[in-house]
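Hi there,

Here is the structure I promised to pass on to you. Have a look at it first, and my notes follow just below.

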Amino acid sequence: MENKKQGIVQRHSKFLHPCFALFSIFAFFPLCQSFDYGEALFKSLLYFESQRSGRLPHNQRVTWRHHSGLTDGLEQGVDLVGGYYDAGDNVKFGLPMAFTITMLSWGVIEYGEQIATAGEYGHALEAIKWGTDYFIKAHTHPNVLWVEVGDGVTDHYCWQRPEDMTTSRHAYKVDANNPGSDVVGETAAAMAAASIVFRETNPYYTHLLLHHAEQLFEFGDKYRGKYDESIGVVKGYYASYSGYMDELLWAALWLYKATNKEVYLKYVLENAHSFGGVTWTMTEFSWDVKYVGVQIIASMLMMEEKHKKHKDILEQYRSKAEHYLCACLNKNNVTNVGRTPGGLIYIRQWNNMQYVSTAAFLLTLYSDYLEVTNQKLICDKEEVSPQEMLSFAKSQVDYILGSNPMAVSYLVGYGPKYPQRVHHRGASIKSYKGYKGFIGCTQGYDNWYGRRDPNPNVVIGALVGGPDIKDQFRDERSNFEQTEACTYNTAALVGVLAKLHRLNQGDISVSPALIASS
């Protein structure tokens with residue numbers, strides 16, 4: 001992305017299993033437009049294959065992509081082949097990549113059964129493992145994590161397919177002398193969350209992920225610091241504006257979910273105030289700001305009896321979590337999240353859809369939690385039922401899929417009308433398989449970037465930045481604030497789409513995989 005700005009009861013352990021029917025849910029859902037959420041789910045998971053770096057597998061379904069970045073890490077003597085490009089450029093940024101994997105994993109943990117019903121479970125696990133395999137490579141020593149390959153400055157001077165890259169592939173690491181607790185913490189969270197996903201299907205891999213996650217958490221906590229102060233080249237792209245304390249809480253909470261070790265829960269409870277977990281009131285959840293995610297999961301720990309002894313602190317987490325949810329629903333007296341005239345959550349001009357997709361996921365998840373526990377969301381203005389929360393989350397997804405003033409699907413490749421000129425190097429240039437001749441740095445800009453024609457390749461499943469505050473959208477390749485897509489935009493949608501797909505099929509029960517405690 002050009003100049004990035006800031007943007008359970010576990011499945012595999014005992015959980016509350018009764019089906020709580022949402023009998024009145026369809027009374028809240030507009031019936032004027034119907035969407036195929038299963039198709040949207042399929043395309044969302046396909047998108048991650050467009051973003052792959054490294055040697056592509058034989059079952060690669062996105063055929064306009066080819067091998068790339070095959071010497072990544074060679075200059076530094078490490079194997080950093082693989083992973084994901086974050087957006088429309090050819091840099092591998094560790095912080096957003098890790099958040100992408102955390103969100104994909106969380107979606108599978110919560111809605112794995114619905115994803116499986118849609119026939120997409122295998123593809124979801126492949127998308128997660130492509131990232132975690134890379135993190136394993138990048139964690140070369142207990143106190144060393146390689147967190148970026150390439151740099152935004154040289155990359156953005158070029159408009160090249162990843163298969164042709166001539167830009168710097170210098171790799172950057174954090175270590176004891178150059179700390180990066182934020183990126184280390186997020187990577188630990190991603191690996192811990194993924195370990196839950198693979199617990200039944202690949203227990204050895206789960207053990208390996210946990211080994212790395214626990215080492216990374218210890219590293220990030222012992223040697224504290226912001227990674228953008230150790231690696232200057234990341235500033236202006238993925239600087240850690242929120243600091244690292246949210247990621248350390250986030251990592252500890254996911255490690256508690258994955259291991260059931262009390263030491264991690266104790267960390268979340270004892271650092272609740274000093275790290276801002278119960279003092280920061282947020283209106284966004286993103287690759288940078290994890291506080292709301294921490295607050296949501298901590299709130300739901302109270303589902304289990306063993307956590308009620310920590311009720312005082314957990315209730316403080318819950319207060320902050322519910323402030324965020326009420327803000328999304330415009331039910332707070334003072335601080336609420338903005339909306340466009342068409343009803344879309346609006347946080348920022350730049351890549352606003354990232355905030356929409358994460359809000360839709362958290363609203364959906366928490367509505368399930370409230371349904372299971374027979375509660376309502378208590379906001380300043382009024383009480384909100386779980387059905388109303390889910391209805392609003394659905395409205396955000398429907399807006400994405402085309403129920404909006406522009407009648408455009410912002411999920412590329414879905415519906416009759418979607419962005420044709422996505423700000424994406426590989427998609428905007430003739431595919432490598434169709435033309436194996438070299439396309440140079442300036443040649444890409446001269447011959448492809450400025451073309452008014454649609455991109456020759458469709459980045460199916462990409463969720464672009466989306467419309468402005470007035471619901472307007474310019475489908476121009478140079479308009480990267482609106483037409484560039486990022487992996488973490490789509491990652492948060494996966495679970496919600498699976499849930500809505502199941503609802504459309506007539507199953508109105510709540511997922512049994514609600515996060516609580518191990």
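This is a predicted model: local features need pLDDT of at least 70, side-chain atom pairs count only at pLDDT 80 or more; totals for chains, interfaces and linings use all residues.

Residues are numbered from 1 along each chain as its sequence is written, and side-chain values use heavy atoms, with hydrogens and water left out.

Back to that pair: H7 covers residues 203-222 and H9 residues 245-259, and they pack at about 150° with their axes 11 Å apart. Axes are lines fitted to C-alpha atoms, for helices over the stretch in contact, and angles run from 0 to 180 degrees between N-to-C directions. H7 and H9 are therefore roughly antiparallel to each other (under 35 degrees counts as roughly parallel, over 145 as roughly antiparallel, 65 to 115 as roughly perpendicular and the rest as oblique). The contact of H7 with H9 has eight nonpolar, two polar and two charged residues (Ala, Val, Leu, Ile, Met, Phe, Trp, Tyr, Cys and Pro count as nonpolar, Asp, Glu, Lys and Arg as charged, and the others, Gly among them, as polar).

A second pair is H2 (residues 37-50) and H19 (residues 493-504), whose axes come within 8 Å and cross at roughly 155°. The crossing of H2 and H19 is left-handed. Their contact includes Tyr37 and Leu41 of H2 and Leu497 and His501 of H19, and its residues divide into eight nonpolar, four polar and no charged.

Now the sheet. Strands E1, E2 and E3 form an open antiparallel sheet in that order (two strands pair if DSSP finds at least two bridges between them). Its edge strands, E1 (92-93) and E3 (171-175), each pair on one side only. Helix H4 (residues 121-138) packs on the sheet and touches E1 and E2, with its direction at about 120° to that of E2. Five bridges join E2 (residues 144-149) to E3, and Leu145 has Val174 in E3 as its bridge partner.

Overall, the chain has 19 helices and seven strands (DSSP runs numbered from the N terminus, helices being H or I of at least four residues and strands E of at least two). The C-alpha trace spans about 65 × 55 × 45 Å along its principal axes.

Best wishes

Definitions and conventions. Contact means heavy atoms within 4.5 Å. A crossing is left-handed if the near helix is turned anticlockwise from the far one by less than a right angle, and right-handed if clockwise.
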